[in-house]
Amino acid sequence: MALQASAFPNGFAAGIHAVGWAFIVPCFWFLDRLIAVCKSTTLEQTERLEQECYLHPLEVFFGSITFFILFLATAPLAFLGFLLWAPLQACRRPFSYHREMPSSPDKVTNKGFELTGKASFVFASANLCLLPDSLARFNNLGHTQRRATAIGQHIVQGVSRPNIRILVDSPSSCGTLSPSSSILPAVSSPTYGATDREGQSSVSHCYDSAEMHDPNSNSDMVYVRCDDPEEPLNETSSPLLNSNRNSNQQGRSSHRNASRALSSQGCHQQDDVPWEISSLFPANVDILCLEEVFDKRAAQKLTNALKPVFGHILYDIGVYACQPPCRCSSFKFFNSGLFLASRFPVLEAQYHCFPNSRGEDALAAKGLLSVKVLIGQSQKQKKVVGYFNCTHLHAPAGEGEIRCIQLDMVMKWIGEFQAANKQPDEDVVFDVLCGDFNFDNCSPDDTLEQNHSLFEEYRDPCRAGPGKEKPWVIGTLLEQPTLYEDDINTSENLQRTLENEDLRKKYIAPPVPSGGSPLVYPETDQPWIGRRIDYILNRESSISKHCQTEIEEVTFITQLAGLTDHIPVGLKLNVVMDSESADE
């Protein structure tokens with residue numbers, strides 16, 4: 001589909017749509033405030049108790065009456081706006097596109113394949129719950145606009161930091177370490193939850209160290225010489241790094257964070273996939289997929305925040321109003337909630353809406369977004385591209401059949417998209433599928449989805465098999481009533497909590513039992529993991545034959561603590577291109 005800034009084919013249609021929406025917004029806003037004034041988050045309830053504020057019932061009473069009267073007063077104008085808005089959805093494209101012109105052409109391409117025949121790509125996915133404020137409060141999250149601004153600033157802070165790698169010169173060294181935090185400027189963001197409690201971070205070195213820069217990568221390396229190879233790296237050893245701490249806490253926290261960095265790299269794991277629990281988004285994320293960005297104003301705030309880093313953004317993805325077969329039950333009040341930000345130019349994009357949604361999920365146009373991005377050129381001067389797909393599946397528990405049908409559609413639509421856009425003069429170096437699947441790999445209630453054939457095509461690095469996770473995996477769905485408790489209300493606190501199994505089980509959603517059967521979890525000698533419903537998968541069968549991929553790292557990200565009820569995930573993928581067989 002052609003990528004244009006406006007979702008409408010011409011300025012006239014866009015203007016009529018803007019007028020219709022302007023008529024709708026006041027009525028919609030008063031309805032939103034009517035519900036929001038009656039629904040408080042646990043954070044607001046706690047603050048009122050601490051301040052001994054007893055006027056809230058009066059605020060609810062008079063606020064409800066006021067907003068209800070204003071809602072009724074603006075309803076006729078909203079109805080007129082609806083008559084203008086709804087018919088125009090038939091000619092609307094299913095997304096808006098923002099393109100930021102780069103200051104240098106080198107910033108939108110990856111020169112790795114052209115120079116060395118290899119490159120690394122970083123992907124991230126996060127569910128943000130950016131619903132209208134009144135609906136977000138049912139998930140114990142409020143102030144949608146403020147959260148959108150803070151989330152955008154936090155993401156930019158994480159992905160824009162230097163990618164510092166620490167090399168330990170020791171016989172017991174396990175290689176390269178990537179500190180979970182780096183030297184960062186302070187973020188100026190509105191106060192909400194934990195956003196004002198984060199301190200700056202620093203990196204400290206032990207013994208003799210030197211900083212090096214690799215001209216062929218985006219990484220800065222710190223070479224650390226450890227003279228005593230027999231001294232274990234634990235809470236009494238010299239510090240390697242200090243993650244996300246205020247300066248007055250650096251001395252006593254650096255020892256613990258050094259050992260945290262070692263274990264988080266998977267060096268002591270009997271597994272083929274390195275992993276990390278990080279208090280920051282991975283540095284130099286190439287493509288970012290966000291879910292539940294339903295609110296249009298929040299989407300615009302995210303776009304404004306992310307566009308200096310990601311030059312290509314697709315937002316307001318989905319369809320509205322009546323969709324085929326044009327029944328009342330198929331009316332879409334919300335878009336898909338998907339939001340995609342890419343450093344690379346988007347060559348093609350296609351969206352499909354799931355036709356089998358049910359219940360409250362049918363009010364949103366959930367579906368699949370598939371894009372083809374331009375990476376650069378190979379050593380043979382062939383175009384290098386990648387495929388990236390993101391989705392958000394049916395949510396209600398106990399309806400696995402619907403999700404399985406949606407997974408069938410996802411595989412079919414991805415195959416059709418790639419077949420239609422495949423060119424003979426290009427190399428495909430990655431094929432990634434990510435999003436909120438709304439099922440996990442440990443709940444007996446999700447057995448049907450766990451055995452879907454999609455996992456035979458796409459590799460899940462966290463999965464040991466159907467119904468069995470790898471022992472280091474972390475659940476990504478937080479218990480909503482506990483979002484503002486001290487153990488998880490900042491990125492550092494959430495990071496420490498996730499590393500402690502006894503603490504983790506208090507805040508990560510537990511598996512869902514099947515029917516009335518009692519739940520036995522975890523199995524003997526197995527760790528407590530919880531529900532991991534956010535996925536990043538990759539497929540090798542659809543990329544060029546002379547390309548080989550290797551997962552460098554899986555990341556569980558705590559930077560959005562207090563701002564969403566999900567834990568974002570990241571994946572770093574290494575791709576090596578065999579130039580000798582490239583011409584075959």
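**Close-up views of a predicted model**

**View 1. Strands β14 and β17, side by side.** C434 stands opposite I536 in β17. What you're looking at is a predicted model. How many bridges join β14 to β17? There are 5, and the two strands run antiparallel. β14 covers residues 426-436, and β17 covers residues 534-538.

**View 2. The sheet of 5 strands around β14 and β17.** Reading across this open sheet, the strand order is β11-β12-β13-β14-β17, and the pairing is mixed. Which strands stand at the edges? They are β11 (346-353) and β17, and each has a single partner strand, so one side of each goes without a neighbour in the sheet. From one strand to the next, the twist averages 15°. In a regular strand, side chains alternate between the two faces of the sheet.

**View 3. Strand β12 with β11 and β13.** β12 pairs with β11 in the antiparallel sense over 7 bridges, and C353 stands opposite G367 in β12. β12 also pairs with β13 (residues 383-392), again antiparallel, over 9 bridges. In that pairing, L368 stands opposite T391 in β13. Is β12 enclosed or open to the outside? Of its 11 residues, 9 are buried, so β12 is largely enclosed by the rest of the structure. At the hairpin of β12 and β13, 5 residues sit between the strands, and Q381 takes a positive phi near 65°.

View 4. The side chains of E426 and K372 meet here, with 2.8 Å from N to O. E426 belongs to strand β14 and K372 to strand β12 (residues 367-377), so the pair ties together parts that are 54 residues apart in sequence. Are the two residues buried or exposed? E426 is buried, and K372 is too.

**View 5. P424 in its loop.** P424 lies in the loop between α9 (400-421) and β14. P424 is exposed, since its relative accessible area of 75% is over the 50% cut-off. If you draw a line from P424 to K383, C-alpha to C-alpha, the two are 9.8 Å apart in space and 41 residues apart in sequence.

**View 6. Two further salt bridges.** With a 4 Å limit between a Lys or Arg side-chain nitrogen and an Asp or Glu carboxyl oxygen, the count comes to 19 salt bridges. One of them joins K366 to D361, with the closest N and O atoms 2.9 Å apart. Both K366 and D361 are buried. Another has R539 paired with E457, where the closest N and O atoms are 3.4 Å apart. This pair links distant parts of the chain: R539 sits in the loop between β17 and β18, E457 in helix α11 (residues 454-457), and they are 82 residues apart. R539 is buried, with a relative accessible area of 12%, whereas E457 is partly exposed at 36%.

**View 7. A network of salt bridges.** Which residues are linked here? They are D32, R33, E44, D133 and R137, joined in a network of salt bridges.

**View 8. The sheet of 8 strands.** This open sheet has mixed pairing, with the order β1-β9-β10-β8-β2-β19-β18-β7. β1 (96-99) and β7 (275-278) stand at the edges with a single partner strand each, so one side of each is left without a neighbour in the sheet. Neighbouring strands are turned by 15° against each other on average, ignoring direction. Strands β18 (residues 547-557) and β19 (residues 569-577) pair antiparallel over 9 bridges. Which residue of β19 is the bridge partner of Q548? It's V576.

**View 9. Helix α6.** At 1.5 Å a residue, the 16 residues of α6 (residues 144-159) should span 22 Å, and the C-alpha atoms at the ends are 22 Å apart, which agrees. As 13 of these 16 residues are buried, α6 is largely enclosed by the rest of the structure.

**View 10. A nonpolar surface patch.** L55, L58, F61, F62, I65 and I69 make a patch of about 630 Å². L55 is found in the loop between α2 (42-51) and α3 (56-88). With a relative accessible area of 57%, L55 is exposed.

Definitions and conventions
Residues are numbered from 1 along each chain as its sequence is written. This is a predicted model: local features need pLDDT of at least 70, side-chain atom pairs count only at pLDDT 80 or more; totals for chains, interfaces and linings use all residues. Side-chain values use heavy atoms; hydrogens and water are left out. Helices (H or I, at least four residues) and strands (E, at least two) are DSSP runs, numbered from the N terminus. The expected span of a helix is 1.5 Å times one less than its number of residues. Buried means under 20% relative accessible area, exposed over 50%, partly exposed in between (1.4 Å probe, protein chains only). Patches are made of residues with over 30% relative accessible area and no salt bridge: like charges are joined within 9 Å, nonpolar side chains (Val, Leu, Ile, Met, Phe, Trp, Tyr) within 5 Å. Accessible areas come from the Shrake-Rupley method with a 1.4 Å probe; for residues, only the protein chains shown count as cover. Two strands pair if DSSP finds at least two bridges between them. Axes are lines fitted to C-alpha atoms, for helices over the stretch in contact, and angles run from 0 to 180 degrees between N-to-C directions.
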